Amino acid sequence: MNLTSLFFLCYVVITLCIYFIMPKKFQWVVLLISSIIFLFYDNLHISTVIQALVILVPSYILGRKIENHTNTKQGKKILILGIIIILAQLIYLKYTNLFLATANHINNLLNIDYQFTFVQRNSLIGISYYSLIMIGYLVDVYRGTCKAEKNIFKCALFMSYFPILTSGPFIRYDSVGKQLYEGHKLHYDTLCRGLIRILWGLFKILVISQRLGMFVDAIYGNLEMFTFIFIIAAAMAFVMQLYTNFSGSIDVIMGISEIIGIKLPENFNLPFFSRTITELWRNWHITLGAWLKDYIFYPLLKSDAMQNLAKKCKAKFGKKAAKKIPMYLSMLIMWILIGAWHGGEYKFIIGSGILQFIFMFLEDILRTNIKKD
Amino acid sequence: MKREEVFERLNKVFRDIFDDESIVVTEETTSNDIEDWDSLEHINLVVAVEQEFGMKFNMNEVTTMKNVGEMVDIILDRIEGK
């Protein structure tokens, strides 16, 4: 279901009408049913139902088990089991071809005359989002940030809340979970604010992004016909096309949620007004950055392995290096994962991952040296 | 251990991590008050504090502590074995 389609807008209007005429106690059930229909609308198949259950059931059962063992070794073991189950499915669905492509490259290098055939996986809409959202939920329960959800259907709603399935933002159980289940009344001011935000979002997508898309496609499709200036202009227009499409989708999602009475975390903060690459990425897809920081970057940097590395670096290269080397290594791992998040192909891992790490690495080195001078 | 003593030892850690001998932390000190205290340095700081006091913060505490006062509360709780 496309966010800008008339069908989607009608779907939202019907959902909201039923939501607000329902007694508060049952409003969350309307959201759940609406989310399940949205989830399987284009892709109802036994395999996609299994995919959803492979995330939901372990998240629910293991979450409840972890709750009794927060911040303990036992809790950690259960948490790791949950993460492995969810990640294994995600890797199987999204990254099989990446591994096959790697195997083919290796075969070429070794002159082995065999090429693996790429596979087509039928994965459920938004599976990357709610795989990570539910991993975050399990980690939060383990850390004691939130209590485990006792009702599996409420857990299912947290996982599948339909507006965020296509573009995010990433939600956290402790801040959004409760809002999903409590009843809401329709307020005139939130209705107006929500509608304005939806209209802004549609304007960004339909008027700006799609128009820029025509310009970009015309040039990218016939590169040999255009001079360097046009290609640069198309590259810049593509960035704006991407931004207006993504942030416009987020506006639509935020607007719908605002009308319901659910406050979602913001995902953009004027990224193109940033002074540095680091700042730009801090203001772009903010909730993905925050997710990675809290669940990957911090634990990685604080891990025994990184601390041992820091000790070795301190002994060999001094205090500054002891701080910087583990940090750069953790950043590199995080950026490879960000690249992989954008798509299971090398171009994403390199372009949206490693290349961005190199920019930030250079920025940090230059900033440190310029400061010294 | 008294609260003042924790602050005294924290001052040493902060000065060492941020390379600034003029730093004096208080209950209300936050990352906004120290120029280089960003999310990257935060972990270095947390690890240095752990080593100084021989205790561990859990990740929830690492990501949610709002100021130095809260950090001191956690340190005292751990030392007193609560």
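This is a predicted model: local features need pLDDT of at least 70, side-chain atom pairs count only at pLDDT 80 or more; totals for chains, interfaces and linings use all residues.
Which helix of chain A gives the most to the nonpolar patch? Helix α15 (residues 346-372) does, with six residues.

Residues are numbered from 1 along each chain as its sequence is written, chains are lettered from A and ligands numbered from 1 in the order in which they are written, and side-chain values use heavy atoms, with hydrogens and water left out.

1. The nonpolar patch. Ile277(A), Leu355(A), Ile358(A), Phe359(A), Leu362(A), Leu366(A) and Ile370(A) make a nonpolar surface patch of about 600 Å². Patches are made of residues with over 30% relative accessible area and no salt bridge; like charges are joined within 9 Å, and nonpolar side chains (Val, Leu, Ile, Met, Phe, Trp, Tyr) within 5 Å. A salt bridge is a side-chain nitrogen of Lys or Arg within 4 Å of a carboxyl oxygen of Asp or Glu. Accessible areas come from the Shrake-Rupley method with a 1.4 Å probe, and for residues only the protein chains shown count as cover. Ile370(A) lies in helix α15 of chain A; helices (H or I, at least four residues) and strands (E, at least two) are DSSP runs, numbered from the N terminus. Ile370(A) has a relative accessible area of 60%, so it is exposed (buried means under 20%, exposed over 50%, partly exposed in between, with a 1.4 Å probe and protein chains only).

2. Helix α1 of chain A. The 16 residues of α1(A) (residues 6-21) should span 22 Å at 1.5 Å a residue, and the end C-alpha atoms are 23 Å apart, which agrees. The expected span is 1.5 Å times one less than the number of residues. Phe8(A), Tyr11(A), Val12(A), Thr15(A), Leu16(A) and Tyr19(A) are buried in this helix. Seen down the axis, the buried residues of α1(A) fall within an arc of 130°, so they line one face; the arc is that of the directions from the helix axis to the C-beta atoms. On the other side, Leu6(A), Ile14(A) and Ile21(A) are exposed. The cover over the buried residues includes α2 (24-40) and α10 (228-260) of chain A, where contact means heavy atoms within 4.5 Å.

3. Why one face? An α-helix has 3.6 residues a turn, so residues three or four places apart point the same way.

4. Helix α4 of chain A. At 1.5 Å a residue, the 22 residues of α4(A) should span 32 Å, and the end C-alpha atoms are 31 Å apart, which agrees. Its buried residues are Gly75(A), Ile78(A), Leu79(A), Gly82(A), Ile86(A), Gln89(A), Leu90(A) and Leu93(A). They cover an arc of only 105° around the axis, which puts them on the same side of α4(A). Lys73(A), Lys77(A) and Ile84(A) are exposed on the face turned away from the buried side. Among the elements covering the buried residues of α4(A) are α3 and α6 (127-143) of chain A.

5. Helix α13 of chain A. Here Met306(A), Gln307(A), Ala310(A) and Cys313(A) are buried. They cover an arc of only 120° around the axis, which puts them on the same side of α13(A). These buried residues pack against α12 and α14 (319-342) of chain A, together with α2 (39-53) of chain B. Just after α13(A), Gly318(A) takes a positive phi of about 105°.

6. Backbone points to check. Most residues other than glycine have a negative phi, and most peptide bonds are trans. Phi of Asn71(A) is near 55°, and this residue lies in the loop between α3 and α4 (73-94) of chain A. Phi of His285(A) is near 45°; His285(A) is buried, with a relative accessible area of 4%. The peptide bond from Gly168(A) to Pro169(A) is cis, with omega near 5°.

7. A buried tryptophan. Trp291(A) lies in helix α12 of chain A and is buried, with a relative accessible area of 5%. Leaving out residues up to four places away in sequence, Trp291(A) touches Leu132(A), Ile133(A), Ile135(A), Gly136(A), Phe170(A), Arg172(A) and Ile296(A).
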